[in-house]
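Here is a note for a colleague who is opening this entry for the first time. The points below go from the whole chain to single strands and then to one residue.

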Amino acid sequence: MALRCLHLRDSNPVMWERLLSLESHCEERKKTQRYEADRTTIAEFVRRFFCLQDFDEEEILRICGIIQVNGHEVPVTDPPHVAVYDEASLLEHSCRPNCAKSFSPDGGLIIHTVEPVLKGQHLSICYTDALWGTANRRHHLAETKFFWCSCVRCADPTEFGTYFSAIRCLNKLCEGYLLPEKSLLEEFDAESVSWQCNRCSASEPSGRVFAILERVGVALSRMQKGDPEVCKRFLEEYASELHPNHYYLTDVRIALAQLHGQTGDTGLPGVSDHDLSEKISLCRKVLALINALVPGEHRIRGVLMFELHAAVAEEARRASNQGQLDPIALRDSLLESKRLLMEASLLLRHEPETLPEGKIALQARRNLADMNQLLQNIHASIGDMPL
Ligand SMILES: C[S@@+](CC[C@H](N)C(=O)[O-])C[C@H]1O[C@@H](n2cnc3c(N)ncnc32)[C@H](O)[C@@H]1O
């Protein structure tokens with residue numbers, strides 16, 4: 001990537017100037033280990049191996065900084081590649097962005113709004129993982145993009161009342177939750193801020209809280225996420241330490257919501273009634289949480305809506321077969337399933353078909369045609385007007 005960028009100097013001077021106009025954070029980078037690693041593995045190597053002595057080390061390291069600060073990982077190739085888009089580099093970061101990005105099959109960048117944007121309002125995307133907790137997001141941004149985030153979400157320790165990063169009070173008799181004592185608006189690391197219970201006001205040093213989070217994080221990274229029973233055990237075990245909406249629990253719920261119906265070859269019809277209703281409630285719960293926290297997570301919302309539409313339709317089919325659902329109630333359940341399908345299809349409309357989300361979008365469009373046919377038959381049988 002660095003070599004391709006350097007090549008622009010002679011092959012495309014206009015593009016070269018546009019590249020150099022981007023932020024490189026060279027001064028901040030000089031204090032990092034990565035700067036020294038880039039010096040030996042990229043700058044020295046490029047100069048010696050490719051005999052490009054007319055680029056000095058500082059110039060090459062500036063390009064490395066531009067790539068680090070402005071690069072996007074493009075998942076449409078295998079392995080993914082990194083690309084810089086100069087106009088999109090103008091977009092600022094927010095942990096609750098009003099825009100989201102997708103990629104076209106040939107690696108073009110598509111920026112789409114995810115909520116209404118007023119004239120004059122800043123456009124933002126999320127530079128980090130929006131489903132990480134506040135301390136992790138801020139640390140990642142400070143390390144890689146060299147700023148302390150002060151977005152609306154970071155400014156609110158409760159993260160819009162979701163308690164996404166909260167853990168249970170360490171006093172077992174208290175039913176409250178621990179959160180950072182002050183909002184993280186200033187330039188300090190989460191490690192310097194104590195955590196306070198929202199009920200008994202007990203204060204805990206951040207080190208104690210982070211030790212718990214690290215222990216649970218290690219357990220999560222070691223667990224077999226492809227096994228529904230393992231996921232269920234994790235949720236049961238750590239419910240006593242974390243807020244019900246905590247990001248670790250949410251991560252496992254997202255996996256479990258998709259696993260029911262994917263393991264084995266019988267698909268959703270082979271899933272037990274219990275697991276089917278668990279799938280529905282997991283999808284609803286996580287969707288409500290993400291809608292409140294970060295509606296811009298369109299990919300995961302689209303995937304969960306697709307999963308939910310299938311589970312709702314399957315539950316209605318079972319109830320109808322057992323005579324527990326009259327045709328009108330069946331129609332209403334299928335209409336809900338259709339609404340979810342339409343929304344999934346809309347949310348995933350920019351995803352390329354080579355990626356799993358693009359395949360789901362394609363399947364959603366096919367299912368929609370089948371669903372319309374099914375609904376027409378039901379309308380005909382109950383003498384209803386088509387909807
Ligand atoms: C991709 S560039 C964005 C364009 C850059 N501001 C420029 O003028 O070239 C990323 C850099 O912009 C700054 N930045 C972006 N979003 C920010 C935010 N929410 N708060 C503070 N700085 C931000 C940081 O310096 C970050 O490293």
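1. Helices (H or I, at least four residues) and strands (E, at least two) are taken as DSSP runs and numbered from the N terminus. On that basis, the secondary structure of the chain comes to 13 helices and 10 strands. The model is a predicted one, in which local features need pLDDT of at least 70 and side-chain atom pairs count only at pLDDT 80 or more, while totals for chains, interfaces and linings use all residues. Residue numbers start from 1 along each chain as its sequence is written.

2. Taken along the principal axes, the C-alpha atoms of the chain fill a box of roughly 80 × 55 × 45 Å. A residue is called buried if 20 or more other C-beta atoms, placed from the backbone, lie within 10 Å of its own, exposed if 12 or fewer do, and partly exposed in between; buried residues make up 32% of the 387 residues in the chain. Two residues are in contact if their C-beta atoms, placed from the backbone, lie within 7 Å, and of the contacts with a separation of 6 or more, 59% are between residues 24 or more positions apart.

3. The domain assignment, whose bounds come from an automatic or database source, gives domain 1 (2–89) and domain 2 (297–387). The C-alpha centres of domain 1 and domain 2 lie 46 Å apart.

4. An unreviewed UniProt entry places the feature "domain: SET" at residues 33–128; UniProt positions are given in the numbering used here, feature names are shortened, and annotations may be inferred rather than shown by experiment. Over residues 33–128 the chain is 32% helix and 23% strand, with the end C-alpha atoms 20 Å apart.

5. Which residues are closest to the ligand? They are Glu 23, Glu 92, His 93, Lys 145 and Phe 147, in a shell of 14 residues, where a residue is near a molecule if its C-beta atom, placed from the backbone, lies within 6 Å of it. Helix H5 (57–70) and strand E3 (92–93) are the elements that give two or more residues to this shell. The shell divides into seven nonpolar, four polar and three charged residues, with Ala, Val, Leu, Ile, Met, Phe, Trp, Tyr, Cys and Pro counted as nonpolar, Asp, Glu, Lys and Arg as charged, and the others, Gly among them, as polar.

6. Two strands pair if DSSP finds at least two bridges between them. Strand E1 (residues 71–74) and strand E2 (residues 81–84) pair in the antiparallel sense over four bridges, and a hairpin of six residues joins E1 to E2. Gly 71 has Val 84 in E2 as its bridge partner.

7. An open sheet is formed by four strands in the order E7-E8-E9-E10, with antiparallel pairing. Strand E7 (167–168) and strand E10 (203–204) stand at the edges with a single partner strand each, so one side of each is left without a neighbour in the sheet. E7 pairs with strand E8 (residues 177–180) over two bridges, and Arg 168 stands opposite Tyr 177 in E8. Three bridges pair E8 with E9, where Leu 178 stands opposite Cys 197.

8. Ser 124 lies in strand E6 (residues 124–125) and counts as partly exposed because it has 19 C-beta neighbours inside 10 Å. Leaving aside residues up to four places away in sequence, Ser 124 touches several residues, among them Glu 92, His 93 and Cys 99. Ser 124 and Cys 99 are 25 residues apart in sequence, yet 5.6 Å apart in space, C-alpha to C-alpha.
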